[in-house]
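Here are some notes to read alongside the structure, for someone opening it for the first time.

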Amino acid sequence: MHPTTDNRPSLLLAMGPGIADRLLTEAHRTRLAGLTRTDPHLVAHDLTAPDARTAAALAEAEVLLTCWGATLLTAEVLDRAPRLRAVVHAAGSVKHHVTDACWERGLRVTSAAAANALPVAEYTLAAILFAGKGVLRSARRYAGLRTGHAWLEESTAWGNHRRTIGIVGASRIGRRVIDLLTPFDFEVLLYDPYTEVPGVEAVSLDELCARSTVVSVHAPQLPSTHHMIGAAQLAAMPDGTTLINTSRGSLVDESALLPHLQRGRLHAILDVTDPELPPPDSPLWTLPNVLLTPHVAGSLGNELHRMADQAVGEVERYVRGEAFVEEVRAADLTRSA
């Protein structure tokens with residue numbers, strides 16, 4: 001009898017320490033082991049100076065399965081991976097590790113950005129609904145009063161009936177938020193210079209800010225979007241408007257935002273800031289009209305398994321010789337996160 005030849009592609013997991021254990025269930029690892037030649041428990045944390053075992057796996061790898069903390073794929077790293085053909089990223093943006101060298105070598109790239117968009121959109125929907133109901137203000141006031149109160153009289157400006165919601169950016173997340181808003185009695189406005197959404201009124205950024213009672217930011221971090229919500233846009237927002245940012249902190253000029261927050265004119269729900277961790281003396285920590293969360297809108301806990309599902313599905317398509325469902329191309333990165 002002649003020995004059988006295993007023609008399955010070789011796959012290497014490459015991501016930050018501890019990520020694989022959170023991302024992949026045993027079912028995912030078993031499925032990968034069936035689809036590819038891989039050691040499902042070998043995870044490469046550093047491809048710039050790999051140990052002998054990792055170096056051997058990298059030299060054989062046809063597919064890299066990456067996630068947060070993946071090594072930057074420079075030309076020097078790719079020289080150690082002569083058989084590499086595809087990078088399957090089990091998270092959102094690939095900008096942190098996919099370089100020009102990857103495109104120059106014709107690597108195929110895919111990401112789980114679509115899967116990661118869902119929890120961000122869900123967080124945003126909850127933030128919009130809570131903002132309209134005045135939940136943050138009423139909860140803090142209730143805790144301070146600790147007694148009965150004429151809430152009906154105080155809440156005349158609250159409520160979600162026919163609110164105007166401004167969505168900045170028709171990204172995957174922005175479009176998903178618009179979908180989630182469909183069952184509610186909202187007027188939805190959209191600002192995006194490149195993309196329109198059928199049935200949604202497209203307006204300029206300044207008009208969106210002037211007409212909306214909630215402004216939610218979903219644009220990518222690009223040089224052109226730095227401080228896109230600046231002094232003029234903030235000044236245009238009506239009193240009581242809530243600004244929601246789940247994108248990147250740099251899109252909002254926080255130095256221009258702070259005076260509006262300190263006067264109580266605007267409210268903010270910020271899952272991202274600039275810098276990512278505000279300094280200890282930042283007013284954002286203590287302002288009663290600010291809800292500050294530690295970049296938790298994206299995939300957490302069991303939501304990581306959704307990204308793994310999508311990534312393993314893309315590996316299966318690669319093995320079958322099929323196109324990726326969520327292929328990323330170099331040109332896409334000029335207008336996406």
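The points below go through the cores, a helix pair, two further helices and one serine.

1. First, a reminder: this is a predicted model, so read each point below as a description of a prediction.

2. Start with the largest nonpolar core, which has 27 residues. L13, M15, L23 and L65 are the ones that touch the most other members. Two or more residues each come from β1, α1 (19-23), α2, β3, β4 (86-89) and α13. The largest share is that of α13, with seven residues. As a general point, nonpolar side chains in soluble globular proteins tend to be buried together.

3. Setting aside neighbours within four places in sequence, L23 is in contact with M15, H28, C67, A90, L304, H305, M307 and A308. There's also another core, apart from the largest one, with 25 residues. Its members include A256, L257, A268 and V290.

4. How do α2 and α13 sit against each other? Helix α2 (residues 26-35) packs on helix α13 (residues 304-319) at an angle of about 10°, and their axes are 10 Å apart. The two are therefore roughly parallel to each other. On the α2 side, the contact uses H28, R31, L32 and L35; on the α13 side, it uses H305, A308, D309, V312, G313, V315, E316 and V319. By type, the residues of this contact divide into six nonpolar, three polar and three charged.

5. Now helix α3 (residues 52-60), where T54, A57 and L58 are buried. Looking down the axis of α3, the buried residues fall within an arc of 100°, so they line one face of the helix. What do they pack against? The partners are β1 (11-14), β2 (43-44), β3 (63-66) and α4 (75-79).

6. Helix α9 (residues 172-181) has G174, V177, I178, L180 and L181 buried. These cover an arc of only 165° around the axis, which puts them on the same side of α9. The buried residues of α9 pack against α6 (113-132), β6 (164-168) and β7 (187-191).

7. Last, have a look at S336, in the segment after β13 (327-328). S336 counts as partly exposed because its relative accessibility is 24%. Leaving out neighbours within four places in sequence, S336 is in contact with K95, P220 and L222. As for D206, it's 130 residues from S336 in sequence and 22 Å away in space, C-alpha to C-alpha.

Notes
Residues are numbered from 1 along each chain as its sequence is written. This is a predicted model: local features need pLDDT of at least 70, side-chain atom pairs count only at pLDDT 80 or more; totals for chains, interfaces and linings use all residues. Side-chain values use heavy atoms; hydrogens and water are left out. Helices (H or I, at least four residues) and strands (E, at least two) are DSSP runs, numbered from the N terminus. Buried means under 20% relative accessible area, exposed over 50%, partly exposed in between (1.4 Å probe, protein chains only). Contact means heavy atoms within 4.5 Å. The arc is that of the directions from the helix axis to the C-beta atoms. Axes are lines fitted to C-alpha atoms, for helices over the stretch in contact, and angles run from 0 to 180 degrees between N-to-C directions. Angles under 35 degrees count as roughly parallel, over 145 as roughly antiparallel, 65 to 115 as roughly perpendicular and the rest as oblique. Ala, Val, Leu, Ile, Met, Phe, Trp, Tyr, Cys and Pro count as nonpolar, Asp, Glu, Lys and Arg as charged, and the others, Gly among them, as polar. A nonpolar core is a set of buried Ala, Val, Leu, Ile, Met, Phe, Trp, Tyr and Cys residues joined through side-chain atoms within 4.5 Å.
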